[in-house]
Amino acid sequence: MLRITDLVKIYPGPVAALKGVSLEIPEGLFGLLGPNGAGKSTLMNILAGLLEPTGGTVTLDGADIVKDPRAVWSRLGYLPQDFGFYPSLSGAQMLDFLLRLKGVDAPQGRKRLVDELLERVNLADAAKRKVRTYSGGMRQRLGIAQAIAGNPRLVIVDEPTAGLDPEERQRFYRILAELGRDRIVLLSTHIVEDIATLCPRFAVIRGGRCVTSGGTSEARRRLEGRVFEGIVAPDELERIRASHRVTQAVLVEGSLFRTRVQGEAGTQPAGFVQVPPTLEDVYFGVMDESRAADAARPVTAA
Ligand code: ADP
C-alpha cells in the first residue's frame, strides 16, 4: 500500500503546487487524473524521492519515502515525462547504461537481464537499432524496461501515452496492464481514456487538491440516470448552457455540437436522451463542481 498523507509542496514564488493531498493506493493500476498544472508531476517527483515536500508523509508498505528515499529506491521504478535518451546508442546499449546507473542487481549477468527486459516490452527485435530510429511508442517501452528492472514494488509513470499513435497506445496499455497484476502502478495523465482503459481506481487532482478518489466503476454508477446527450446547433447550445449543467460539447463535422448535460431525469433539454455515464462524464462533472466551489469561496481563503 502506498499511503500519502496531507502532502504539501510550495515552490519558491511562492507557488502552492500541492495543498494537502491524501490518498491510499493499493496494489494494481491507479490513475491520477488532472488538467495541466494540477500538481501531478510534483506529486510523482515527490513519490519518486526526487523532490522534498514542504509537509506531509508518504509511506510504501510502511517505509517512509520522504525521510529515507534511498531505502525505497530499489523498490521503485519511475518513467518520468521527459525521459532522456542517447540517440546514438542502440536500445540494448541504452538500457544497459541505465541499469548500470540505477545499480540494478543482475546475478545472471547484465546482458541477460537486458535481453529479458527488452523481450518483456516487445523490443527484442529492435535491440540493436539505434534509439534515434525508434518511434515514440518504442522509446516509451524502453523507458518502461528500465523502470521495471529489479522488479520494483511501485512503478510510477508520468503522462506516458502523450504523443503516441492509437496502435502504440494500445500496445503500451497492454504492458502496463500486465505490470499492474502484482505491484502498484501509478499512472499520471490528463487523458481520461488512459484511466478508463486501465485503472479500477483513480483520483482527480485540480489546483493542488484531490477533488475525488475511489473506484472508477462506482464513480460511473453514481451518475447512472443523470447523463443526457443531444446534438444541437451552436445557438441552441448557448440557450441550453443558460439553463442546464453542460459538461461536454464536442464539435461534430464542424457545425453541430454533441452535447452532454448532467441533472435529474425529466429536466433534460427536449430531444436529449439518457446515456450510460462514462469516466469522462465523471471527470467533467467533478471539474465543474470543483470550479463552482472555487468561485463560491471567498478570495482570502483561496
Ligand atoms: P502537472 O504535472 O499536473 O501539469 P505540475 O506539478 O507540473 O502540474 O505543476 C503544478 C504547479 O506548480 C503549476 O502551477 C506549475 O507552474 C508549478 N511548478 C511546477 N514546478 C515548479 C517549479 N520548479 N518552480 C515553481 N513552480 C513550479
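I began at the ligand and listed the residues around it: Y11, V15, A17, P35, N36, G37, A38, G39, K40, S41 and T42, each with a heavy atom within 4 Å of it. I kept in mind that this is a predicted model, where local features need pLDDT of at least 70, side-chain atom pairs count only at pLDDT 80 or more, and totals for chains, interfaces and linings use all residues. Residues are numbered from 1 along each chain as its sequence is written, and side-chain values use heavy atoms, with hydrogens and water left out.

Next I looked up polar contacts, meaning pairs of N or O atoms within 3.5 Å. A ligand oxygen sits 2.6 Å from a polar backbone atom of G37. For S41, a polar backbone atom is 2.8 Å from a ligand oxygen.

Then I turned to the helices (DSSP runs of H or I, at least four residues). I found α3 (residues 91–102) packing with α5 (residues 136–148) at about 30 degrees, axes 10 Å apart. That makes the pair roughly parallel, the term for angles under 35 degrees. From α3, the contact (heavy atoms within 4.5 Å) uses G91, M94, L95, L98 and K102, and from α5 it uses L142, A145, Q146 and A147.

Last, I checked two loops. The G13 to P14 peptide bond is cis, with omega near -5 degrees, and P14 lies between β1 (2–11) and β2 (15–25). D61, not a glycine, has a positive phi of about 45 degrees; I found D61 in the loop between β4 (55–60) and β5 (63–64). Strands here are DSSP runs of E, at least two residues.

Conventions. Axes fitted to C-alpha atoms, helices over the stretch in contact; angles between N-to-C directions. Parallel < 35°, antiparallel > 145°, perpendicular 65-115°, else oblique. Polar contact = N/O pair within 3.5 Å; in protein donor to acceptor, adjacent residues only side chain to side chain.
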